[in-house]
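Dear colleague,

Please find the structure for your files below. I would be grateful if you would read the notes after it with the structure open beside them.

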Amino acid sequence: HSYSQQQPPDTLFSGPGRRHVTHSPDRQTDRQSGSDLQLEMPAGFLFLAVVSSYRFPLARRRAPAVRLCDDAVSATEAAEFLGLDAASSRDVAAYLKRGQTLLGEQVALLPPAVAPSKSGALGDALELTCLKLAQLGATVTLLADSPNILVAWRARVRYPRCSVALANVTDPHSLAYALHGKAAVVVGAPLSEQATEALVSVLSGRVSAESLLGPGPQRRVVVLSSVDVYGDAPAGVLGEADVDADGGGDADDGAAALRKFERALLDEPALGGALSVLRACPLFGDAQLDALLSDALGIEELLDDFVATLRERTGLDVDGGRKAELEAAMAATLPPRDAEMQLTHTDDLAGAAVFAIVDGALDGAYHVASAPATLQSIFDASAARRGWSSLALRPADGAGAGAPPAVFSTEKLAAAGYELLWPTIGGAPPSADV
């Protein structure tokens with residue numbers, strides 16, 4: 001019996017007013033023979049939908065061949081099919097609308113040698129990078145030399161075409177085999193000194209697996225770094241070239257290690273034109289911002305409950321000066337409302353990493369950060385997004401107390417063509433429109 005006789009073909013995007021996409025093992029024909037096929041869905045969406053139809057959870061797992069039928073599929077429907085939510089995937093949707101995909105490309109991720117739970121927001125950014133790459137059709141392999149770390153990462157990156165692999169990242173020969181065939185390598189900085197030496201040996205071509213495995217593609221290397229590389233940054237606007245190339249004797253151990261790691265890659269001639277170093281300010285995602293606000297609101301609610309209980313049990317009037325004293329004591333535990341800070345949304349660090357791979361336009365070091373914002377505006381924006389009441393913070397104690405010590409310029413990143421998804425952390429939530 002033929003496939004069609006055993007069971008009906010799977011239908012994707014079915015329904016009135018839509019083009020039906022059905023699987024068939026041996027043909028790609030229109031339901032109405034001889035009719036002209038006009039597809040509203042952009043090419044990037046179409047190709048990725050075909051390849052992903054047996055991998056993404058929203059699709060049926062059948063033969064990958066596709067047959068196009070009568071009605072048109074919109075880009076919105078394609079985005080929903082591929083799991084592209086408006087909040088975190090609007091940059092991916094824009095690539096697909098332009099027909100830019102990473103189908104057939106292999107990408108390696110090298111996270112720091114710590115458990116994902118201890119990597120903080122950098123781990124969130126790496127996970128989001130993995131998701132965006134998978135949505136664009138890339139095959140992603142996360143490498144580590146610890147089975148426990150791999151198991152933990154496997155639980156976090158359960159996306160189509162994403163896997164984990166055990167590799168001795170401190171041995172250049174083992175790392176060369178693991179990275180062979182990879183068109184891009186995303187590195188969470190810093191790596192250990194031994195891992196850095198092995199990575200530079202492989203990326204420079206001094207150690208290679210090509211003699212046994214054949215030639216591989218030209219690699220793009222993306223490093224997720226931090227503005228901690230500047231150490232105690234001076235006040236004023238800083239550009240990417242303001243890092244002391246020699247490391248500086250006044251840098252703390254963390255800054256010195258990060259500078260040494262960056263210089264090992266930036267000074268490698270073989271990586272000229274193929275290396276992107278993305279320096280992020282303190283990383284925050286939606287979850288961290290919500291937790292920050294909810295913790296502060298929780299303290300305020302606890303104070304209100306305490307005052308109500310005290311009044312109920314003692315009959316004392318605590319609505320006057322004593323409550324004001326308690327509120328002042330609580331406010332003293334929080335930063336002032338005018339304190340300015342510059343943050344990087346995890347969505348932007350991941351987005352810039354994907355941009356470096358897709359467009360190949362980022363060469364050298366770049367700042368990835370939103371504009372400076374006051375803590376009060378950050379609280380207000382998070383509250384508005386979640387529909388919560390905001391929290392009024394205390395004013396600054398002295399004039400100029402809220403000024404940030406340094407502002408990290410993103411003009412170079414903008415000139416290279418990357419548009420920040422979160423240009424202001426403390427402003428209104430970004431538009432979901434692409």
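This is a predicted model: local features need pLDDT of at least 70, side-chain atom pairs count only at pLDDT 80 or more; totals for chains, interfaces and linings use all residues.

Residues are numbered from 1 along each chain as its sequence is written, and side-chain values use heavy atoms, with hydrogens and water left out.

**The whole chain**

The chain has 15 helices and 16 strands. Here helices (H or I, at least four residues) and strands (E, at least two) are DSSP runs, numbered from the N terminus. Of the 434 residues in the chain, 47% are buried; buried means under 20% relative accessible area, exposed over 50%, and partly exposed in between (1.4 Å probe, protein chains only). The accessible surface comes to about 20,400 Å², and 51% of that surface belongs to carbon and sulfur atoms. Accessible areas come from the Shrake-Rupley method with a 1.4 Å probe, and for residues only the protein chains shown count as cover. Among contacts with a separation of 6 or more, 80% join residues 24 or more positions apart, where contact means heavy atoms within 4.5 Å.

Helix α8 (residues 193–203) is mostly covered, with eight of its eleven residues buried. Those buried residues include Ala195, Leu199 and Val202. What do the buried residues of α8 pack against? Their partners are β4 (106–110), α7 (172–179), β7 (184–188), β8 (220–226) and α10. Thr196 lies in α8 and counts as buried because its relative accessible area is 9%. Leaving aside residues up to four places away in sequence, Thr196 touches Leu191, Phe261 and Ala264. Just after α8, Gly205 takes a positive phi of about 90 degrees.

Helix α4 (residues 90–97) is largely enclosed by the rest of the structure, because seven of its eight residues are buried. Arg90, Asp91 and Tyr95 are among them. Gly99 follows α4 and has a positive phi, near 80 degrees.

**A buried loop residue**

Leu136 sits in the loop between α5 (120–135) and β5 (139–144). Is Leu136 buried or exposed? Its relative accessibility is 0%, so Leu136 counts as buried. Leu136 and Thr101 are 35 residues apart in sequence, and 5.0 Å separates them in space, C-alpha to C-alpha.

**Surface patches**

Patches are made of residues with over 30% relative accessible area and no salt bridge: like charges are joined within 9 Å, and nonpolar side chains (Val, Leu, Ile, Met, Phe, Trp, Tyr) within 5 Å. A salt bridge is a side-chain nitrogen of Lys or Arg within 4 Å of a carboxyl oxygen of Asp or Glu. Lys and Arg count as positive and Asp and Glu as negative, with His and the chain ends not counted; the place of a charge is NZ of Lys, CZ of Arg, CG of Asp or CD of Glu.

A surface patch of negative charge gathers Asp228, Asp232, Asp252 and Asp253. Asp252 belongs to the loop between β9 (237–238) and α10 (253–266), and it counts as partly exposed because its relative accessibility is 45%.

Tyr177, Leu212 and Leu213 form a nonpolar surface patch with about 330 Å² of accessible area together. Leu212 is in helix α9 (residues 210–213) and, at 65% relative accessibility, counts as exposed.

Yours sincerely
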